[in-house]
Amino acid sequence: MKFAAQVGMSQASVSRALKQLAAEGFIYPDGRNWRLRPDFVFNGNGVAQGQAVQSIPGGTPDPYTGGRADLKIVDGPDQSGESEGGQV
């Protein structure tokens, strides 16, 4: 596995970590690849984000359920380019 060599980890460790991330719903398989949930990193308009989130396969665990205290939602800028805290 090329990625394991690039990050200096064993293939078994990387495989185990990917499976853990998938079990928690942070990533999901897409053929032979893994995809990061688009709602974690998406920086676009609401329609495009909605379409990206709808592309998450059914049955993928939802990391937002269960009132997890270890996840924090951070507000991004609104359409004017300003965030809650002021200028971006």
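Residues are numbered from 1 along each chain as its sequence is written, and side-chain values use heavy atoms, with hydrogens and water left out. As the model is predicted, local features need pLDDT of at least 70 and side-chain atom pairs count only at pLDDT 80 or more, while totals for chains, interfaces and linings use all residues.

We can start with the hairpin. Strand 1 (residues 27–30) and strand 2 (residues 33–36) run antiparallel and are joined by 4 bridges; strands pair if DSSP finds at least two bridges between them. Helices (H or I, at least four residues) and strands (E, at least two) are DSSP runs numbered from the N terminus. Between the two strands lie 2 residues, and Gly31 in the turn has a positive phi of about 65°. Leu36 in strand 2 is the residue opposite Ile27.

Ile27 also belongs to the largest nonpolar core, together with Ala4, Val14, Leu18 and Ala22. Such a core is a set of buried Ala, Val, Leu, Ile, Met, Phe, Trp, Tyr and Cys residues joined through side-chain atoms within 4.5 Å. Helix 2 (residues 11–24) gives the most to this core, with 3 residues. Leaving aside residues up to four places away in sequence, Ala22 touches Ile27, Trp34 and Pro61 (contact means heavy atoms within 4.5 Å).

The model has 1 salt bridge, defined as a side-chain nitrogen of Lys or Arg within 4 Å of a carboxyl oxygen of Asp or Glu. Asp30 pairs here with Arg35, their closest N and O atoms being 2.6 Å apart. Asp30 is partly exposed at 32% relative accessible area, and Arg35 is likewise partly exposed at 43% (buried means under 20%, exposed over 50%, partly exposed in between, with a 1.4 Å probe and protein chains only).
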